[in-house]
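Here is a short report on one protein chain. Please look over the sequence and the model before reading on.

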Amino acid sequence: MSEAELALSRRMLAQFAEQEGYALGTVYVERIEQAPAAFEALVASAIRDEARAVIVPNASHLWLIGAAADIASRVAARTGALVLEARHVAPDALDGPRKPPGEPERGSQGVLRPPMAPPSPPPDPLRPGP
């Protein structure tokens, strides 16, 4: 994966997380010579942070570790998190900076954390308004 492709993948993960109401945590990339170190770090992070989901740009990003369905099952069994693909993010939604300053950048698989603050509950239709 080239640096440009890696940058695009990072923006895709961030945009997908934002669209789905998650906060993107650490992003990992698996290096051939170190596999499966990044995957194990991702799983440990997902367990530690009680992540609800792990996202990848698409299932092909898991090929170094194994078959996508097997990996998704392993992640779910070990962490309770879902594995989601971000490939449906529109390319035009990726314009502009998406990474907060100072956030570490380490790859193409990301841990999704719940939003920082839960949304406000809808108004009670049975309670009179102000």
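Buried means under 20% relative accessible area, exposed means over 50%, and partly exposed is in between (1.4 Å probe, protein chains only). Of the 130 residues of the chain, 35% count as buried. This is a predicted model, in which local features need pLDDT of at least 70 and side-chain atom pairs count only at pLDDT 80 or more, while totals for chains, interfaces and linings use all residues. Residues are numbered from 1 along each chain as its sequence is written, and side-chain values use heavy atoms, with hydrogens and water left out.

## Overall layout

The chain has three helices and four strands. Helices (H or I, at least four residues) and strands (E, at least two) are DSSP runs, numbered from the N terminus. Along the sequence, the pattern is α-β-α-β-α-β-β.

Contact means heavy atoms within 4.5 Å. Among contacts in the chain with a separation of 6 or more, 84% are between residues 24 or more positions apart. The chain exposes about 7,900 Å², and carbon and sulfur atoms supply 57% of that area. Such areas come from the Shrake-Rupley method with a 1.4 Å probe; for residues, only the protein chains shown count as cover.

The expected span of a helix is 1.5 Å times one less than its number of residues. Helix H1 covers residues 3-20, and its 18 residues should span 26 Å. Its end C-alpha atoms are 26 Å apart, which agrees. The buried residues of H1 include Leu6, Met12, Leu13 and Phe16. Just after H1 comes Gly21, with a positive phi of about 85°.

H2 has 12 residues. From first C-alpha to last it reaches 16 Å, close to the 16 Å expected. Its buried residues are Ala38, Phe39, Leu42, Val43, Ser45 and Ala46. Seen down the axis of H2, these fall within an arc of 165°, so they line one face of the helix. The arc is that of the directions from the helix axis to the C-beta atoms.

## Two nonpolar cores

In soluble globular proteins, nonpolar side chains tend to be buried together. A nonpolar core is a set of buried Ala, Val, Leu, Ile, Met, Phe, Trp, Tyr and Cys residues joined through side-chain atoms within 4.5 Å.

The largest core has 14 residues. Phe39, Leu42, Val54, Ile71 and Val75 touch the most other members. H2, strand S2 (53-56) and H3 each give two or more residues to this core. H2 gives the most, with five. Apart from it lies another core, of nine residues, among them Leu24, Val27, Ile55 and Ala86.

Val27 sits in strand S1 (residues 23-28). Val27 counts as buried, at 4% relative accessibility. Val27 and Ser9 are 18 residues apart in sequence and 9.9 Å apart in space, C-alpha to C-alpha.

## Salt bridges

Side chains of opposite charge can pair when their charged atoms come close. A salt bridge is a side-chain nitrogen of Lys or Arg within 4 Å of a carboxyl oxygen of Asp or Glu. The structure holds two salt bridges.

| Salt bridge | N to O distance |
|---|---|
| Glu40 and Arg78 | 2.8 Å |
| Asp49 and Arg48 | 3.6 Å |

What does the pair of Glu40 and Arg78 tie together? Glu40 lies in helix H2 (residues 37-48) and Arg78 in helix H3 (residues 68-79), so the pair ties together parts that are 38 residues apart in sequence. Glu40 counts as partly exposed, at 30% relative accessibility. Arg78 counts as partly exposed, at 40%. In the other pair, Asp49 counts as partly exposed at 25%, whereas Arg48 counts as exposed at 57%.

## Backbone details

Most residues other than glycine have a negative phi, and most peptide bonds are trans. Where does this chain hold a cis peptide bond? A cis bond joins Ala35 and Pro36, with omega about 0°. Pro36 lies in the loop between S1 and H2.

Glu50 is not a glycine, yet has a positive phi of about 55°. Glu50 is in the loop between H2 and S2. Is Glu50 buried or exposed? Glu50 is exposed, with a relative accessible area of 65%.
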